[in-house]
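Subject: Structure handover and findings

Dear colleague,

Please find below the structure for your review. My notes on what was found in it follow directly after.

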Amino acid sequence: MENGTSITRSGDSLDKRLTEGEDSTTITTRQGHPVKYNQNIRTVGNRGPATLENYHFIEKISHFDRERIPECVVHARGAGAHGYFEAYGKAGDEPVSKYTRAKVFQKAGKKTPVFVRFSTVNHGGHSPETLRDPRGFAVKFYTEDGNWDLVGNNLKIFFIRDAMKFPDVVHAFRPDPVTNIQDGERIFDFCTNSPESIHMITFLFSPWGIPANYRQMQGSGVNTYKWINDKGEAVLVKYHWEPKQGIKNLTQKEAEEIQGKNFNHATQDLYEAIERGDYPEWELYVQIMSDDDHPELDFDPLDDTKIWPQEQFPWLPVGRMVLNKNPENYFAEVEQAAFGTGVLVDGLDFSDDKMLQGRTFAYSDTQRYRVGANYLQLPINAPKKHVATNQRDGQMAYYVDMAPGTNPHVNYEPSSLGGLNESTSSSQDYTPHVEGKLIHESVERTNDFKQAGETYRAFSDFERDELINNLVNTLSSCQPHIQKRAVELFTKCDEDYGQRVAEGLKKHANQMNHHGPAGASETKEAVQEAEHNGH
Ligand code: HEM
């Protein structure tokens with residue numbers, strides 16, 4: 001592996017002496033004992049029973065028993081690749097330094113190594129990659145100032161705007177806790193009671209809900225961040241990745257056809273493209289807003305259920321990313337990779353986006369549980385620069401993060417005995433003033449339906465047809481009161497949207513009515529009500 005992330009022990013430091021009967025390919029135990037019997041356990045006679053002192057067998061099986069670590073609680077199914085990010089030195093036509101002092105962006109042509117993990121969200125580590133589900137797009141930049149993680153998704157918005165609701169939205173999309181079956185009724189029960197999700201639902205049930213593969217997929221930071229310049233001034237910023245390979249999505253039918261033959265198609269597509277030298281590439285764009293609450297907008301810039309209109313907030317290219325190397329060990333590099341929204345470098349900052357703030361706690365919390373307290377000592381997660389901390393010990397501590405020449409007896413700070421010291425950086429601090437009452441309230445400009453309606457109208461005919469079909473298929477298994485609420489919400493987004501879902505449900509119910517199921521009359525009620533509301 002490049003950049004010091006070697007995952008095998010270097011032979012140079014090892015004692016190369018071999019015992020009798022051993023050569024360099026001889027299998028050994030982890031204690032270095034050559035293994036003579038790797039086919040049969042030791043037994044009393046050739047028909048058993050086995051004996052407990054089978055040291056090699058017990059070590060082999062008990063290590064195997066521990067091969068898995070807990071999967072990521074979300075985004076369990078992933079594929080990864082190494083590459084680099086190359087800065088343009090500009091944000092659109094302006095020097096990028098006007099907005100941020102982050103070194104990773106400053107100099108045109110400057111390359112920073114990256115590792116990217118793409119993922120699906122809701123199902124397990126070997127679930128099909130054809131599911132209707134958002135896709136994760138997480139990038140770790142190994143910058144000279146330490147790591148920066150941009151943990152995004154393919155779609156530009158999210159289901160909810162407050163971190164408090166994250167476990168609920170995930171539970172609703174996950175299999176039923178009793179039957180272990182994913183259930184459209186649970187999804188629409190939650191979503192129709194959380195109207196802020198309707199915009200995301202509109203994307204998810206359209207072909208945008210099943211990207212064809214990872215290479216032909218967009219990415220977005222989704223949440224609002226800040227950039228800080230040399231003067232300590234801030235702007236609000238959103239990030240977007242645009243694939244040079246173009247964008248490709250699948251219809252439900254296309255996805256089902258692929259799924260019948262291959263449940264790894266996206267991982268395979270990425271791996272094989274990189275192996276044949278067809279390196280995927282994305283351009284990174286930012287949208288910038290001044291750092292205030294923008295009362296002139298009909299949405300809150302800190303609300304991640306909203307898109308920042310491109311006409312008002314143009315996409316400014318700031319660099320490009322190329323993925324040119326596959327992992328050598330899936331577990332070490334992809335499964336143990338740990339990304340987090342708190343992992344920022346000088347010149348990049350958080351905004352008050354309430355999702356972002358909740359996320360920032362969750363990532364390292366889960367990684368300490370999932371990978372272990374010393375997850376940042378693993379090569380894939382460790383920065384490729386000087387690290388010196390007074391953190392010690394813990395499970396699987398592999399080395400001491402100590403600067404050469406510092407006193408190993410001092411693992412505290414401050415000290416006058418030659419320990420570590422604070423940085424003397426002269427960079428201008430960013431010190432926003434914050435005041436207000438502590439409350440539990442949503443942002444004021446919720447405006448849950450306008451952008452969803454715009455998205456619906458912006459779709460091509462084929463995308464709208466797919467959306468309606470997919471919604472009707474899922475909603476038709478829901479109880480009438482959930483169907484009714486869904487039709488009301490879609491109608492608030494766009495008259496035609498609600499009407500078509502209602503008609504689709506009615507048609508479906510009529511077809512079923514031949515066989516006499518309940519529910520058709522209530523669906524009719526929902527249609528009539530939508531008509532009555534003048535929609
Ligand atoms: C993974 C929490 C919202 C994108 C995760 C993980 C957690 C988590 C616990 C597992 C991390 C691991 O095991 O290493 C949350 C919480 C959220 C939230 C609490 C809301 C409050 C979002 C949003 C996005 C997102 C809005 C999209 C921008 C991702 C991605 C991963 C991930 C891409 C996978 C990272 C990887 O490849 O390892 N999230 N998440 N999450 N989340 Fe979120």
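**Helix H10 and its surroundings**

The buried residues of H10 pack against helix H5 (198-204), H11, helix H12 (480-493) and H13. Here helices (H or I, at least four residues) and strands (E, at least two) are DSSP runs, numbered from the N terminus. Two residues are in contact if their C-beta atoms, placed from the backbone, lie within 7 Å. A residue is buried if 20 or more other C-beta atoms lie within 10 Å of its own, exposed if 12 or fewer, and partly exposed in between, with C-beta atoms again placed from the backbone. In H10, which covers residues 450-458, the buried residues are Gln-451, Ala-452, Gly-453, Thr-455 and Tyr-456.

**Basis of the model**

The model is predicted: local features need pLDDT of at least 70, side-chain atom pairs count only at pLDDT 80 or more, and totals for chains, interfaces and linings use all residues. Residues are numbered from 1 along each chain as its sequence is written.

**The chain as a whole**

The protein chain has 14 helices and twelve strands. Its C-alpha trace spans about 90 × 75 × 50 Å along the principal axes. Of the 535 residues, 36% are buried. Among contacts between residues at least 6 apart in sequence, 72% join residues at least 24 apart.

**The ligand shell**

There are 27 residues around the ligand, and Cys-72, His-75, Gly-136, Ala-163 and Val-222 come nearest. A residue is near a molecule if its C-beta atom, placed from the backbone, lies within 6 Å of it. Helix H9 (354-370) gives the most to this shell, with eight residues. Strand E4 (111-120), strand E5 (135-143) and strand E6 (146-153) are also among the elements that each supply at least two residues. By class, the shell holds 15 nonpolar, nine polar and three charged residues. In this scheme Ala, Val, Leu, Ile, Met, Phe, Trp, Tyr, Cys and Pro count as nonpolar, Asp, Glu, Lys and Arg as charged, and the others, Gly among them, as polar.

**Two helix pairs**

The axes of helix H3 (residues 166-173) and helix H4 (residues 184-192) come within 7 Å and cross at roughly 150 degrees. H3 is therefore roughly antiparallel to H4. The contact involves Asp-168, Val-169, Ala-172 and Phe-173 of H3, together with Arg-186, Ile-187, Asp-189 and Phe-190 of H4. It comprises five nonpolar, no polar and three charged residues.

Axes are lines fitted to C-alpha atoms, for helices over the stretch in contact, and angles run from 0 to 180 degrees between N-to-C directions. Angles under 35 degrees count as roughly parallel, over 145 as roughly antiparallel, 65 to 115 as roughly perpendicular and the rest as oblique.

Helix H11 (residues 461-475) and helix H13 (residues 495-513) pack with their axes 9 Å apart, at an angle of about 50 degrees. H11 is therefore oblique to H13. On the H11 side the contact is made by Ile-468, Leu-471, Val-472 and Leu-475, and on the H13 side by Arg-500, Val-501, Gly-504, Leu-505 and His-508. These residues divide into six nonpolar, two polar and one charged.

**Two buried residues**

Ile-482 lies in helix H12 and counts as buried because it has 21 C-beta neighbours inside 10 Å. Leaving aside neighbours within four places in sequence, Ile-482 is in contact with Glu-185, Phe-188, Asp-189 and Thr-192. Ile-482 and Glu-185 are 297 residues apart in sequence, yet 7.7 Å apart in space, C-alpha to C-alpha.

Met-217 sits in the loop between H5 and strand E7 (219-220). Met-217 is buried, with 24 other C-beta atoms within 10 Å. Not counting residues up to four places away in sequence, Met-217 touches Arg-135, Asn-154, Pro-211, Pro-243 and Ile-247.

**Backbone points to check**

Most residues other than glycine have a negative phi, and most peptide bonds are trans. The peptide bond from Gly-48 to Pro-49 is cis, with omega near 0 degrees, and Pro-49 is in the segment before helix H1 (55-65). A cis peptide bond also joins Glu-413 and Pro-414, with omega about 10 degrees.

Met-396, in the loop between H9 and H10, has a positive phi near 65 degrees. Met-396 is exposed, with 11 other C-beta atoms within 10 Å.

Yours sincerely
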